[in-house]
Amino acid sequence: MIKFSLSLIYSIMIFFGLKVFLDEPKAPADPTELVITPFAGPDVTPSPACLAVAATGEVYVGVDMIGSLGKDPGKGRILKLTDKDNDGKMDSHTEFATVDNPRGIIAQGNQVFVLYTTFSKENGKATGMDLVVFEDKDGDGKADGPSKPLIQNLSNTKYIQERGTDHATNGIRLGIDGWIYISVGDFGFHNAVDRSGKKMTMLGGGIVRVRPDGTEMEIYSHGTRNVYDVAIDPFMNVFTRENTNDGGGWNVRFSHFIQSGEYGYPVLFQHFTDEILPALVDVGGGSGTGALYMSEPNWPEKYNNVPMMADWGRSMLYIHRVTADGPTFTQKEEEFIKLPQITDLDVDGSGRLYLSAWDGAGYSGSPSKGYVVRAVPANWTYKAFPNVTKASVKQLAELLKSASAVARLSASQELITRPAKQSAAAALKVAQDVKLPLYARVAGIFTYAQVAGADGIQPLVALSKDDAVREFALKVLTDRKGNLTGVPTDLLVQALKDPSPRVQAAAIIGLGRLGRQEAASALLQTKVPASFVAPAKDVEGPHATPNSAIVLPHLAVQALVNLKAVDEVTGAISGENSSLALWTLRYMHDQKAVDALISSYAKATDENLKKQISITLSRLYKEEAPYDASWWWGTRPDSHGPYYKGVNWAGSAAIEKFLLAEWDKADAAGKQFLKDLNARHRMEIAAFGTEEAVASNDEPKVDLEKIKNQKGQVGKSSIEDVLLAINQLQGDPVKGKALFTKQGCVACHSISKGEKMKGPFMGQIGSIMNREQIAESILKPNASISQGFATVLITAKGDRTVMGFITEETAAKVVLRNIAGEVFTIKSGDILTRKEMDQSMMPAGLANALSYDELASLVTFLSQQKK
């Protein structure tokens, strides 16, 4: 029976000196067989943004009293916490290292990897984000000296300075393949540089990975908004829980991230959903944070071998039960452990799960809020995890067979430091043992590949003949770009016809990484399913509905683009593989591609083919402008697509000439088709006309000053008394709905996604705040300004000054709505200054005239908004 009893709640309150955020004294999903105990309180771990646990149980916590919106340095550190008697409470702690805005930690052996924000010593301003590694070889709980940088400039310096780290780079996680996976928010980055000197730029969010020595940095997948962390299973399936801004609210999507996949945010995930890999589910409002794939043998079966995903907005740790579906999965979400604004979680080799709670520390951190708890199975008994540095190669090989994912990773990482010949032989023996569980053989394969390098190709080719491990042997053969020379192309081409779609996916990805154009003809034979259909005009497509059939052709398109196989792809325009060829050509901004498309159109007799060629050409008319990190699309970007900052390129003139010639000879239907293409792809060809939606100004005008100056029961009471009363009163949601209009809430807030978005969207507020938090945000609007809804002050040419919420932003304009509901559109080129204000635009006192019952009714109505 879970020990979340009243006595535990009281003990936590006494231990932490704070109120535990629980609506009822019980866990929300009845996780029996667990014991949850307080581990460290805010006196030691205030504002814990991230944590990691060594296999041997030492807990590393990233204290971040800058928070996501703060900007002042000198408030962060990494603490090492130790539970010497294994009773579930911290016995001692040390300050391991001083860093600001810690966002991710990996504790591996005597190395601790940390992702954090760097600041200038001269002016105190943020200079970027770095991934570094500290060492503690003497084991005193403190870093031996300065860190070694692995990747520098791993976020957008300009916007970290202006906004803080709320959309910056976040969690890090080490996979059994030996790569560090880095979650990048949609600030993206420009000219990040790894330890080898390699530079890379990424517009928007996604997953980047790098070797632990800081080399081979590369993009793993792309097209997310604000992913905070990844959960990686023993077979290198990567799962995330990240959010978008569908309809203006912060909806959460749970996704299976596949290497080379494009997930579409913000320009493809609404109107070009046929081209992306969709999320597995949209679960509504929230804010995904830490993630872990639990795979430990001493955990109850029903809570084991599952992605565990923290949601800060919902104060909940979720389990997503995933079921194989071709090359991807379907899922079912379950509530698991409720924790106030949970930020992160990790497990050690003894099966102890640690979770960190932000607990109302605000968007800029707090020295008195936040804590860490420990969760273990009720029948758990402590069993010390071995010191792998003292183990023999034979013992490490045995540990590689363990049912514990933590044990296998620790053994793998230690083996790659041992003499290569001996450790490679030991790992290969595990990989080849057909009697072992698949997870053990997979660990052996990835360990062997890391140790053997290019010398391991032939044994891995031999392993690819084994049906049980073919997928993983193929994957690891192309996992390191420096080891590709001896990898046979034919092996991967043959695997394209394998009965297993997972093997096919591994082969497609591998061929894209090999970079050999002779594989293009085989890739072009990948079948495109009937579900490859573009959404109707102005209709949002299914970007969070599982579609396993689209995965293989999507990956094939990415591979063909990576191969730059223009000749092979254009040669297939008119053949049986035209669908995949034309899909691929949407991303090939090459003059040869344009010429081939125009030539194919002239020869075509099939009207549908001609139509598809015209669509492809219009899509190629513009390309995304090079990213220089001088701008960001904001929290409410223009999501029309297909580009955010579309610019003409060398092939645009030929495309325009072709389309204008078609316009001249088109009938009314043909002209409308071209008009629609002009609008859909935002070509801005004047002859076709333009369609631009104008922001509506017909919102209700409300005299908020008059409302806030009225004094009723609420206005005459302290906030504490009001909150106590609200906790005792249920209120009437029907009355609350009427008050939503009467009290002027409609001036700045929408309830339905069908309404024009204004300030913070209230249609899902009940899924991310409890009643007390909603009441406090009404009474104290400046205490917790919603991210993305800060008041913005813009000065523009013509001596214009406008203050309001940004309701729409494109590369060309910004649309603001002020407190009275008036709409202002300002051209980007006219903006002189732009500043986020520290104060909420919502004036305090709007609830002053209400009685306790009326405020309770308003709060109850809002708490029921969970769309």
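Rings of Phe, Tyr and Trp, the last taken by its six-membered ring, form a pair if their centres lie within 6.5 Å. With that criterion in mind, select Tyr-265, Phe-269, Tyr-627, Trp-631, Trp-633 and Tyr-644 in this predicted model: ring pairs link these residues into a cluster. Over the whole structure, a search finds 24 aromatic pairs.

Next, display Tyr-181 and Tyr-220. Their ring centres are 5.2 Å apart and their planes stand at 85 degrees, so the pair is edge-to-face. Tyr-181 belongs to strand β11 (residues 180-184) and Tyr-220 to strand β15 (residues 218-224); the pair thus links distant parts of the chain, 39 residues apart. Both Tyr-181 and Tyr-220 are buried.

Phe-532 is found in the loop between α11 (520-523) and α12 (551-563), and Trp-583 in helix α14 (residues 578-585), so the pair ties together parts 51 residues apart in sequence. Phe-532 and Trp-583 are buried.

The charged end of Lys-158 sits over the ring of Tyr-159, 5.4 Å from its centre, and that of Arg-619 over the ring of Tyr-643, 5.9 Å from its centre.

Finally, turn to the largest nonpolar core, of 179 residues, in which Ile-182, Met-308 and Leu-353 have the most contacts. Helix α6 (residues 438-452) gives the most to this core, with nine residues. Apart from it lies another core, of 22 residues, including Val-714, Ala-725, Ala-847 and Ala-856.

Note on methods. Residues are numbered from 1 along each chain as its sequence is written. This is a predicted model: local features need pLDDT of at least 70, side-chain atom pairs count only at pLDDT 80 or more; totals for chains, interfaces and linings use all residues. Side-chain values use heavy atoms; hydrogens and water are left out. A nonpolar core is a set of buried Ala, Val, Leu, Ile, Met, Phe, Trp, Tyr and Cys residues joined through side-chain atoms within 4.5 Å. Buried means under 20% relative accessible area, exposed over 50%, partly exposed in between (1.4 Å probe, protein chains only). Helices (H or I, at least four residues) and strands (E, at least two) are DSSP runs, numbered from the N terminus. Rings of Phe, Tyr and Trp (its six-membered ring) pair if their centres lie within 6.5 Å; planes under 30 degrees apart count as stacked, over 60 as edge-to-face and the rest as tilted. A charge sits over a ring if NZ of Lys or CZ of Arg is within 6 Å of the ring centre and within 35 degrees of the ring normal.
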